[in-house]
Amino acid sequence: MIQIENLYKSFNDKPVLKDVSLEIQEGETLAIIGRSGSGKSVLMKHIIGLLKPTSGRVFVDGTDINKISYNQLREIRRQFGVLFQGGALFDSLDSFENVAFPLRTFTKMSEAEIRSEVQHCLNMVQLPDVGTKKPSELSGGMQKRVALARAISLKPRYIIYDEPTSGLDPETSNTIDELISDLSNQMNATSIVVTHDMHSVLSIADRAAFIHQGNMHWVGTIDDMHRSDDATLRAFVKANEYQIGIPSHA
Amino acid sequence: MKYGNELKVGTAVILSLIILFFGIRYFQDVPLFSGSYELHTAFSNADGLVNGNPVRINGVPVGSVDRVRLNTEQQRVDVYFHVENGLRIPEGSTTKLAGLAAFGTVMLDITLGPPGNPPLEAGGFLSSSSSDALGDIMSQAPQLVGRVDTLLTGATSTLGEVEGLLANPQSDLRQMLVAIEASAASLDRLLRMEQRRIASTLESVDTLASSLSSFTQNNQDSLSLVVQNLNSTLTQLNTNLATLESTTANLDVLLTKINQGQGTLGLLVNDPGLYHRLDSTAATLNGLLLDIQRDPKRYLKDLKLVDVF
Amino acid sequence: MAVSSLAITTPIRNLGLYVLLLVKAFGSLGEFSLYRKNLFTQMVRTGIDSIPIVALAAGFSGAVTTVQTAYQLVTPFIPKSIIGSIVAPSLILELGAVVTGFILAGRVGARIAAELGTMRVTEQIDALEAMGLNSVGYLIVPRVLAGVIMFPILYVFACFVGIGGGILVAQIGGYLSIGEFVKGAREFFQPFDPIFGIIKSVVFGFAITTISCYKGYFTGGGAEGVGKATTEAAVMSCVYILLADLLLAVLLL
Ligand SMILES: Nc1ncnc2c1ncn2[C@@H]1O[C@H](COP(=O)(O)OP(=O)(O)OP(=O)(O)O)[C@@H](O)[C@H]1O
Ligand SMILES: [Mg+2]
């Protein structure tokens, strides 16, 4: 379980997050939605301690991750798989080695086991034969999928996806959405999906958290979202051109 | 290649260690492959000898100096050095310093002893004999002064004898008077002549010394030329002193003759002018010789300047 | 904050940041398995791959020093072996380390800053951290170690090639013979000189790699930031090489 309490974050006295609180339940899939620049990625980086809050606390399984030693924090981070917005593939390694990297670093698998595991992950993201290609030789969408394969290769308890489907065609997007659902069901993983893509939100998320102007503007289940009459949320959702079901008041 | 990087790095490390090891040995003048053994010598003055200075036999480098230690107990400088293995240095070999510290070229020269002697073991001791170019002058000059001193003593005692004879009124010096007068005159002339020659000799030595001390160009060749000149000048001075010596000897002979023919000495007593002339001649000789005795010392001080620069 | 107080606090903050980074790097030294593979990769990139350019520069330094010394010593009274006495210690004491330092500041310093800067702005460093990896130990320790280990090796090669270049030019150009050169070099050779050079090269290697890692690791602001970090890394490395050179000469000679 992850709890975020009264999180404030400002960069050079410019506030980005103002009093954000959020609780993420074990096994659920939470979508974090919000406009570009609203602070979604900043929030996500606080969950794994890559950014330190200006004030407020972040708990992972009851541990305040900003009050523990660096080595203890690293232990906690190992339970996470993170897909960064830009992929963040290691450009010195080819695709195969990128996916194999966590396995080589954190497991004592044999070379054969690593091969089969990496191939399995690459098959899941529908890129079975990119192994020998360097990240720079891949398209943006392919890079993101290789990065996804890397994020899940250790079968983590928590998986954070920062915009997993942006830049992908609708068909591949659907495949990735299915993959995320499968992973959370099969491995009982807790998934945090940062996205603008309302189609993804509707198809995979149990709950959604809407960040607006640095505040946690709205949190609720997808059903609640259908019924919400919050104007800002509806405007955001409408902008995505997806019908939620409740006619606007206008 | 799985360990390609490790292999490259390892090769570079080993190669650089080899270069470093042999490079230092090479520039330290230590034989690259065969070993070396240590020997020991001592000097009263190290003359600027430092670690790493070459050790030579007949001008051929055979090793280098390892340590130079001041031994205050025995008031000497202990010098440890090594020479190539397989080089046979017989007992009775001696060491001496060569070159000038001012030019950074002090060397330890080994003069081999009789080849029949058994060879020195590692850690063996060689006695030293100091004789480098400047050291030659330094050691030669006091000898010269000593000789001048002896000569002076001889002359003084001879003249004292003369005085003793003159003081004896019973002596007959009449016949010898003319001879003495002539001898004294010629001695006077001779001394005046010698005085000029000695003075000019000392003057040229002085000039040489001053030009040597003002010699700021670090040129060993020219310097050794100067040192050679200086040496020959001193030899000349030596010759001059020999002349003076023989003159005094002549005087000695003369006085012996006077001693034999005593009859004419009474006249000498009755002739105070002559006596005074002889006396003043003796005084001149004495003064001159004293001067010579003083001058070389001054001149040696000048020489020491060479050591300093 | 006022501009003037920023001007004072910013350098002190940066120094603190640099020192903390070093402390973290030293703290990670024990995790050898973390950086073992990277260490050898970095040693090859920093050391082995720099050998040709270092050798080229050192060889020419030795040759030029020889020719210029010969040109300046026209007096017939001075023995020609003095050229060897000047060229060899110049290379061993100063040029070998400093020429290598400047080349590595450009070649290695800029590369490290660009690599780490790009990794920073493309979130690769964040990705490493997010996996639970110690990014300082993984990225910085092998680079600094590679610099500290390989720099003395490059220095030894530089001296070797530099003196070789000097001897070669002396012989071919007819300035003096190999024998005279070596005789002169031996006369003034002090065993401490190469030791001093090695100490210097270790310090230079440390300065270049830590400064460049610091600049790269804390890059901000996209491609422009990477460019800025790269330039600063090379320039700062050169400046600190000169400062360290003076400091070491004062302290150790
Ligand atoms: N390291 C940083 N330094 C300064 N400002 C930052 C930094 N990181 C983020 N910000 C600022 O925080 C705000 C939120 O950024 P964030 O990346 O979280 O947006 P986002 O919600 O992820 O947007 P997008 O959907 O476009 O990715 C932005 O205004 C950005 O300028
Ligand atoms: Mg974002």
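Mentor: Take the interface of chain C and chain A, where the rule finds eight residue pairs in polar contact, both residues of each pair being at pLDDT 80 or more. Keep in mind that the model is predicted. Which elements of chain C give two or more residues to the side that touches chain A? They are helix 4 (81–121), helix 5 (124–130) and helix 6 (135–172) of chain C. Helix 5 of chain C gives the most, with six residues. By class, this side of chain C has seven nonpolar, six polar and five charged residues.

Now the extent. In this interface, 18 residues of chain C are in contact with 21 residues of chain A. Between them, chain C and chain A bury about 1,600 Å². Of that area, 58% is on carbon and sulfur atoms. The size of an interface is often given in this way, as the accessible area lost when the parts come together.

Charge comes next. Side chains of opposite charge can pair when their charged atoms come close. How many salt bridges are there between chain C and chain A? The count is four. One salt bridge is formed by Arg74(A) with Glu31(C). Their closest N and O atoms are 2.9 Å apart. The cut-off is 4 Å, so this pair qualifies. Over all chains, the same rule counts 27 salt bridges. Why does the pair Arg74(A) and Glu31(C) join two chains? Arg74(A) lies in helix 2 (residues 70–77) of chain A, while Glu31(C) is in the loop between helix 1 (3–27) and helix 2 (32–46) of chain C, so the pair joins two chains.

Chain C also touches chain B. Here 23 residues of chain B are in contact with 24 residues of chain C. Chain B and chain C bury about 2,300 Å² between them, and 71% of this is on carbon and sulfur atoms. Val9(B), Ile19(B) and Phe27(B) supply 26% of the area that chain B buries against chain C, more than any other three residues. The rule finds one salt bridge across this interface. Glu6(B) forms a salt bridge with Arg36(C), with 3.2 Å between the closest N and O atoms. On the side of chain B that touches chain C, helix 1 (residues 4–27) of chain B gives the most, with 13 residues. That side has eleven nonpolar, nine polar and three charged residues.

Back to chain A and its sheets. Strands of a sheet pair through backbone hydrogen bonds, either parallel or antiparallel. One open sheet of chain A has four strands in the order 2-1-4-5, with antiparallel pairing. Strand 2 (14–24) and strand 5 (63–64) of chain A each have a single partner strand, so one side of each is left without a neighbour in the sheet. Strand 4 (residues 55–60) of chain A is joined to strand 5 of chain A by two bridges. Phe59(A) has Asp64(A), in strand 5 of chain A, as its bridge partner. Helix 1 (residues 40–47) of chain A lies across strand 1 (2–11), strand 2 and strand 4 of chain A. Helix 1 of chain A runs at about 125° to strand 1 of chain A.

Six strands of chain A form another open sheet, in the order 6-7-8-3-9-10, with mixed pairing. Strand 6 (80–83) and strand 10 of chain A are the edge strands, each pairing on one side only. From one strand to the next, the twist averages 15°. Strand 3 (residues 29–34) and strand 9 of chain A run parallel, joined by five bridges. There, Ile32(A) stands opposite Ala209(A) in strand 9 of chain A. Strand 9 (residues 207–212) and strand 10 (residues 215–221) of chain A run antiparallel, with six bridges. Phe210(A) stands opposite Trp218(A) in strand 10 of chain A. Strand 9 and strand 10 of chain A form a hairpin with two residues between them. In the turn, Gln213(A) has a positive phi of about 50°.

Definitions and conventions:
Residues numbered from 1 in each chain as written. Chains lettered and ligands numbered in written order. Predicted model: local features only at pLDDT ≥ 70, side-chain atom pairs only at ≥ 80, totals over all residues. Heavy atoms only, no water. Contact = heavy atoms within 4.5 Å. Buried area = accessible area lost by both parts, 1.4 Å probe. Salt bridge = Lys/Arg side-chain N within 4 Å of Asp/Glu carboxyl O. Polar contact = N/O pair within 3.5 Å; in protein donor to acceptor, adjacent residues only side chain to side chain. Nonpolar A, V, L, I, M, F, W, Y, C, P; charged D, E, K, R; others polar. Pairing = 2+ DSSP bridges. Axes fitted to C-alpha atoms, helices over the stretch in contact; angles between N-to-C directions.
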